[in-house]
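Colleague: Before I rely on the labels attached to this model, I would like to go through them with you one at a time. For each label, please set the value against the cut-off and then conclude.

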Amino acid sequence: MTDQDPRTPCPPLGYSCRCDLPESRQIELVAEFHAYRIRPTRIAYRLGIDIALIESLLAGERDQRRFQSLVRYYRRNRLGQRIRDAERHRGQRAFELRHQAQRDFDAEVDMS
């Protein structure tokens, strides 16, 4: 049995753009997009980041501590953004938006 990774190294030719960013920046972008619930294939397509890198980060096979801390950071930012957006509304609607944002954040934290 070989030790090769069975995942494809990148999306099919013509499927994505080319990514010239350093790997550390790619990891930050994957964490941010993951915090916003963007699918891995979409991240690869839009940013040109290798799908194997994305999948290994999500599976915890690579830079696990750094990736998880970045995901937590971006999730907290997302919660703050959603709460600030709720302030544009008044009364019950603002309350519901804040409550929904907090519930979603708590559910994401429980899944981690």
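Colleague: What makes Arg-66 and Glu-28 a salt bridge?

Modeller: This is a predicted model, and in it the closest N and O atoms of Arg-66 and Glu-28 are 3.3 Å apart. A salt bridge requires a side-chain nitrogen of Lys or Arg within 4 Å of a carboxyl oxygen of Asp or Glu, so the label applies. The pair links distant parts of the chain, with Arg-66 in helix H4 and Glu-28 in helix H1, 38 residues apart.

Colleague: Why is Arg-66 called partly exposed?

Modeller: Its relative accessible area is 33%, and the class of partly exposed residues lies between the limit for buried, under 20%, and the limit for exposed, over 50%. Glu-28, its partner in the salt bridge, has a value of 24% and therefore counts as partly exposed as well.

Colleague: What makes the pair of Glu-23 and Arg-62 a tie between separate parts of the chain?

Modeller: Their side chains meet in a salt bridge at 2.8 Å, N to O. Glu-23 lies in helix H1 (residues 23-35), whereas Arg-62 lies in the loop between helix H3 (51-59) and H4, so the pair ties together parts that are 39 residues apart in sequence. Glu-23 counts as partly exposed at 38% relative accessibility, and Arg-62 likewise counts as partly exposed at 31%. As a general point, side chains of opposite charge can pair when their charged atoms come close.

Colleague: How many salt bridges does a search of the whole structure find, and which residues are linked in a network?

Modeller: The search of the whole structure finds 9 salt bridges. Arg-37, Arg-75, Arg-78 and Glu-108 are linked in a network of such bridges.

Colleague: Which other residues have a positive phi?

Modeller: Among them is Asp-63, with a phi of about 45° although it is not a glycine; Asp-63 is found in the loop between H3 and H4 and, at 37% relative accessibility, counts as partly exposed. Another is Gly-60, which follows H3 and has a positive phi near 80°.

Colleague: What makes the largest cavity count as a cavity, and which residues line it?

Modeller: The count takes in cavities of 30 Å³ or more and comes to 1, and the volume of the largest is about 30 Å³. A cavity is a set of points where a 1.4 Å probe fits but cannot get out. The lining consists of Arg-75, Arg-78, Leu-79, Arg-82, Ala-101, Asp-104, Phe-105 and Glu-108. By class these are 3 nonpolar, no polar and 5 charged residues, and helix H4 (64-86) and helix H5 (91-111) each supply at least two residues of the lining.

Colleague: Which residues of H3 are called buried, and what covers them?

Modeller: The buried residues of H3 are Ile-51, Ala-52, Leu-53, Ile-54, Ser-56 and Leu-57, the label requiring under 20% relative accessible area. Their cover includes H1, helix H2 (40-47) and H4.

Colleague: How do you know that the chain is all helix in its listed elements, and how much of it is buried?

Modeller: There are 5 helices and 0 strands, and from the N terminus on the elements run α-α-α-α-α. Of the 112 residues, 29% count as buried. Residues 24 or more positions apart account for 67% of the contacts with a separation of 6 or more.

Notes:
Residues numbered from 1 in each chain as written. Predicted model: local features only at pLDDT ≥ 70, side-chain atom pairs only at ≥ 80, totals over all residues. Heavy atoms only, no water. 1 Å grid on protein atoms, 1.4 Å probe; cavity = no way out; pocket = protein on both sides within 12 Å on 5 of 7 lines; lining within 4 Å. Points joined across faces, edges and corners; volume = space filled by probe spheres on them. Helix = DSSP H or I, 4+ residues; strand = E, 2+ residues; numbered from the N terminus. Nonpolar A, V, L, I, M, F, W, Y, C, P; charged D, E, K, R; others polar. Buried < 20%, exposed > 50% of the residue type's maximum accessible area, 1.4 Å probe, protein only. Contact = heavy atoms within 4.5 Å.
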